[in-house]
Amino acid sequence: MKNLWTSIEWFPHKHANEVMIKADPNGIFVAEDTDSEDFANIGAYCVRPEYRGHGIGQSLWNTGMAHMGDRNIGLFAISDKMLAIYRDKHNFKHIANRQLVLMRGSFVPNKGLIDRIDGISLAVISEDNILDVIQYDRHVNEVSGFCFLLNTTSNATMIEPLYADNEQIAELLVNKCCQQLPQNRTQNVNYECWDTNNSAQEIGNKLGLIELKREKNAFTKKVMIGNMDKMFGLSSSLFFAS
Ligand SMILES: CC(C)(COP(=O)(O)OP(=O)(O)OC[C@H]1O[C@@H](n2cnc3c(N)ncnc32)[C@H](O)[C@@H]1OP(=O)(O)O)[C@@H](O)C(=O)NCCC(=O)NCCS
């Protein structure tokens, strides 16, 4: 509400919302845009091996699906067997014409990787510029790209996400980030990209990673489409830029 007021240059006192809610909790009304895409993503669907085969998985699934209700639900199927379950038992009709390629390997510094581009400077993401990065995620604005290297509980490194305006910037970003890795985090580097983005796969190859497997993408209502050319490394079907 505060953002809306600011946009029409109306500046109420700082705690107006809190005061109004306290005065009459049921007396505030909002209009909701129900045409907007309402998207949910299923991920990390897993049961410990010793507990499998007792209905726990399906019970978790049913609870999750009930929570997500009527939204367009997206997922990655780890195998053809799971894809058949999602398609035949759970109405996931729309199988996207693309797969997620999972790549893994050791990062070996490679002189063939782009190390600088005239006119492009790299900055470490901090509290000062994080809003610009978020803005990029929404509208692809001034930031030319960003790359995160995450550490997993098994001390593996995940390159996710890696977004950039073009493949050269993506390569520069990921190369520079990987060069910063301490030695003990260069052995098990993981990267996931769309099979429809050849340059993204090429970057994985140049980093020294090899393809492990592919996962199919499915949806209940309609296939989510974004600007795949700018997505290099991603981690879930939630990562869609428009
Ligand atoms: C998939 C998984 C969560 C199922 O858990 P579970 O507790 O064993 O599931 P249930 O006991 O409820 O059901 C088991 C059976 O139903 C199938 N099944 C699993 N999830 C299902 C679902 N959501 N709806 C219908 N059937 C399902 C299983 O394939 C299995 O069939 P099988 O005996 O022919 O192999 C579990 O096997 C697992 O953690 N696998 C590894 C991770 C994984 O592959 N996750 C899916 C990512 S796409």
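Domain bounds come from an automatic or database domain assignment. I looked these up and found domain 1 (1–31) and domain 2 (99–233). Their centres, taken over C-alpha atoms, are 40 Å apart.

I noted what I was working with. This is a predicted model: local features need pLDDT of at least 70, side-chain atom pairs count only at pLDDT 80 or more, and totals for chains, interfaces and linings use all residues. Residues are numbered from 1 along each chain as its sequence is written.

Next, I checked a helix pair. Helices (H or I, at least four residues) are DSSP runs, numbered from the N terminus. Helix α6 (residues 167–179) packs with helix α7 (residues 198–207) at about 30°, and their axes are 10 Å apart. Axes are lines fitted to C-alpha atoms over the stretch in contact, and angles run from 0 to 180 degrees between N-to-C directions. Angles under 35 degrees count as roughly parallel, so α6 and α7 are roughly parallel to each other.

I listed the contact residues (C-beta atoms, placed from the backbone, within 7 Å). From α6 come E167, A170, E171, V174 and C178, and from α7 come S199, I203 and L207. I sorted them into five nonpolar, one polar and two charged. Ala, Val, Leu, Ile, Met, Phe, Trp, Tyr, Cys and Pro count as nonpolar, Asp, Glu, Lys and Arg as charged, and the others, Gly among them, as polar.

Last, I looked around the ligand. Near means a C-beta atom, placed from the backbone, within 6 Å. Of the 16 residues there, R52, G57, Q58, W61 and I78 come nearest. Helix α3 gives the most to this shell, with four residues. The shell divides into nine nonpolar, five polar and two charged.

Notes:
Helix = DSSP H or I, 4+ residues; strand = E, 2+ residues; numbered from the N terminus. Parallel < 35°, antiparallel > 145°, perpendicular 65-115°, else oblique. Contact = placed C-beta atoms within 7 Å.
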